[in-house]
Amino acid sequence: MVIVTVRLTEVDGPVTGMKTVFQYDSSTDLTKDGFLQDYQVYKDATNHLDTTILSYDTWSNVTGRQDPDGTVSCRTFDANRNYLTQTREAMAGQSDCTTPN
């Protein structure tokens with residue numbers, strides 16, 4: 001049996017050069033392999049803003065993200081993975097979401 005995975009890699013914008021490019025992790029760590037790693041939003045052919053995905057929970061929800069301005073956003077989901085329960089920004093120089101504010 002062959003399993004083929006198709007992932008969205010690029011979405012073109014309304015104007016030439018505007019686009020969003022998605023990059024996925026290729027890792028030997030199965031908890032990361034194939035997950036979205038970062039995405040770049042191009043304003044024109046050469047200038048872009050990068051957003052990096054820092055972490056996922058057991059249910060593949062994004063729990064940590066670093067925005068283009070360097071802000072780290074942390075998200076918590078309920079135990080049944082039904083809904084988002086908390087969103088916060090990391091503070092005091094935190095570079096990830098492992099330590100609560």
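**The largest pocket and its setting**

A: Thirteen residues line the largest pocket, and those nearest its centre are T31, K32, L54, S55 and Y56. A pocket here is an open set of points on a 1 Å grid over the protein atoms alone, where a 1.4 Å probe fits, with protein on both sides within 12 Å along at least five of seven lines; lining residues have an atom within 4 Å of a point. The model is predicted, so local features need pLDDT of at least 70 and side-chain atom pairs pLDDT 80 or more, while totals for chains, interfaces and linings use all residues. Residues are numbered from 1 along each chain as its sequence is written, and side-chain values use heavy atoms, without hydrogens or water.

The space in this pocket comes to about 280 Å³, taken as the volume filled by probe spheres set on the grid points, which are joined across faces, edges and corners. By class, the lining holds 5 nonpolar, 5 polar and 3 charged residues (nonpolar: Ala, Val, Leu, Ile, Met, Phe, Trp, Tyr, Cys, Pro; charged: Asp, Glu, Lys, Arg; polar: the others, Gly among them). Strands β3 (36–42) and β4 (48–56) each give at least two residues to the lining, and β4 has the largest share, with 4. Strands are DSSP runs of E of at least two residues, numbered from the N terminus.

Both strands belong to an open antiparallel sheet of 7, ordered β1-β2-β3-β4-β5-β6-β7; two strands pair if DSSP finds at least two bridges between them. The edges are β1 (10–12) and β7 (84–89), each with a single partner strand, so one side of each has no neighbour in the sheet. On average, neighbouring strands are turned by 15° against each other, direction ignored (axes are lines fitted to C-alpha atoms; angles in general run from 0 to 180 degrees between N-to-C directions).

The whole structure has 1 disulfide, a term for cysteine sulfur atoms within 2.5 Å. The sulfur atoms of C74 and C97 are 2.1 Å apart, and the link is left-handed, with -90° about the S-S bond. Because C74 lies in β6 (residues 72–77) and C97 in the segment after β7, the pair ties together parts 23 residues apart in sequence. C74 is buried at 4% relative accessible area, whereas C97, at 21%, is partly exposed (buried: under 20%; exposed: over 50%; partly exposed: in between; 1.4 Å probe, protein chains only).
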